[in-house]
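Subject: A structure for you to look at

Hello,

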Amino acid sequence: MKKRIKFIGFLFRQEKNASLQTKMIKVSSGERITKLTVHVADTQKKREKGLMFVRKLPENEGMLFVFSGKTYGGFWMKNTLIPLSIAFLDSDGRILKILDMMPCKEDECPTYDPKLFYHYALEVNFGWFEKNQIKEGDYVTFV
């Protein structure tokens with residue numbers, strides 16, 4: 001339980017202005033730790049925009065979507081220009097599911113649904129999790 005409070009507390013200590021806050025996280029896979037800089041999308045408006053219209057995402061950067069409680073449902077790639085991978089996390093930062101998503105410039109875009117409840121979602125460049133040997137069951141924490 002202490003881990004969960006630390007995880008959530010860190011996210012909500014940030015300043016609440018219109019710009020995206022940047023935080024450093026680490027993804028632990030066994031003894032291996034990979035650091036990643038994330039932009040925090042912690043409001044409905046920021047979550048809806050996500051990485052739309054972004055032409056390039058640096059290799060070790062991503063976006064962390066923060067929800068106020070458990071949520072259910074998928075993500076879509078409307079107006080997203082680059083392929084992404086997404087990890088869905090529980091309240092403790094454990095990776096529950098990883099999906100790969102393709103850009104969509106059409107009016108109707110597919111939904112990438114993990115078919116489970118989650119508290120956070122982490123988007124990174126397509127294949128980043130696989131390249132860094134990160135899998136379901138691994139953990140995301142803050143530096």
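Strands here are DSSP runs of E of at least two residues, numbered from the N terminus, and two strands pair if DSSP finds at least two bridges between them. Please keep in mind that this is a predicted model.

With that in hand, we can start with strand β3. Strand β2 (residues 32-41) and strand β3 (residues 61-72) pair in the parallel sense over five bridges, and within this pairing His39 has Met63 in β3 as its bridge partner. Strand β3 is also joined by seven bridges to strand β8 (residues 117-125), and those two run antiparallel; here Gly62 has Val124 in β8 as its bridge partner.

The aromatic rings come next. A pair of aromatic rings is described by the distance of the centres and the angle of the planes. A search of the whole structure finds six aromatic pairs. One of them is formed by Phe75 and Phe88, whose ring centres are 5.8 Å apart and whose planes stand at 75 degrees, so that this pair counts as edge-to-face, given that angles over 60 degrees fall in that class. The pair links distant parts of the chain, since Phe75 lies in strand β4 (residues 75-76) and Phe88 in strand β5 (residues 84-89), 13 residues apart. Phe75 is buried, with a relative accessible area of 9%, and Phe88, at 0% relative accessibility, counts as buried too. Phe65, Phe67, Phe75, Phe88 and Tyr118 form one aromatic cluster.

Finally, the charged end of Lys70 sits over the ring of Phe117, at 5.5 Å from the ring centre.

Best wishes

Technical notes: Residues are numbered from 1 along each chain as its sequence is written. This is a predicted model: local features need pLDDT of at least 70, side-chain atom pairs count only at pLDDT 80 or more; totals for chains, interfaces and linings use all residues. Side-chain values use heavy atoms; hydrogens and water are left out. Rings of Phe, Tyr and Trp (its six-membered ring) pair if their centres lie within 6.5 Å; planes under 30 degrees apart count as stacked, over 60 as edge-to-face and the rest as tilted. Helices (H or I, at least four residues) and strands (E, at least two) are DSSP runs, numbered from the N terminus. Buried means under 20% relative accessible area, exposed over 50%, partly exposed in between (1.4 Å probe, protein chains only). A charge sits over a ring if NZ of Lys or CZ of Arg is within 6 Å of the ring centre and within 35 degrees of the ring normal.
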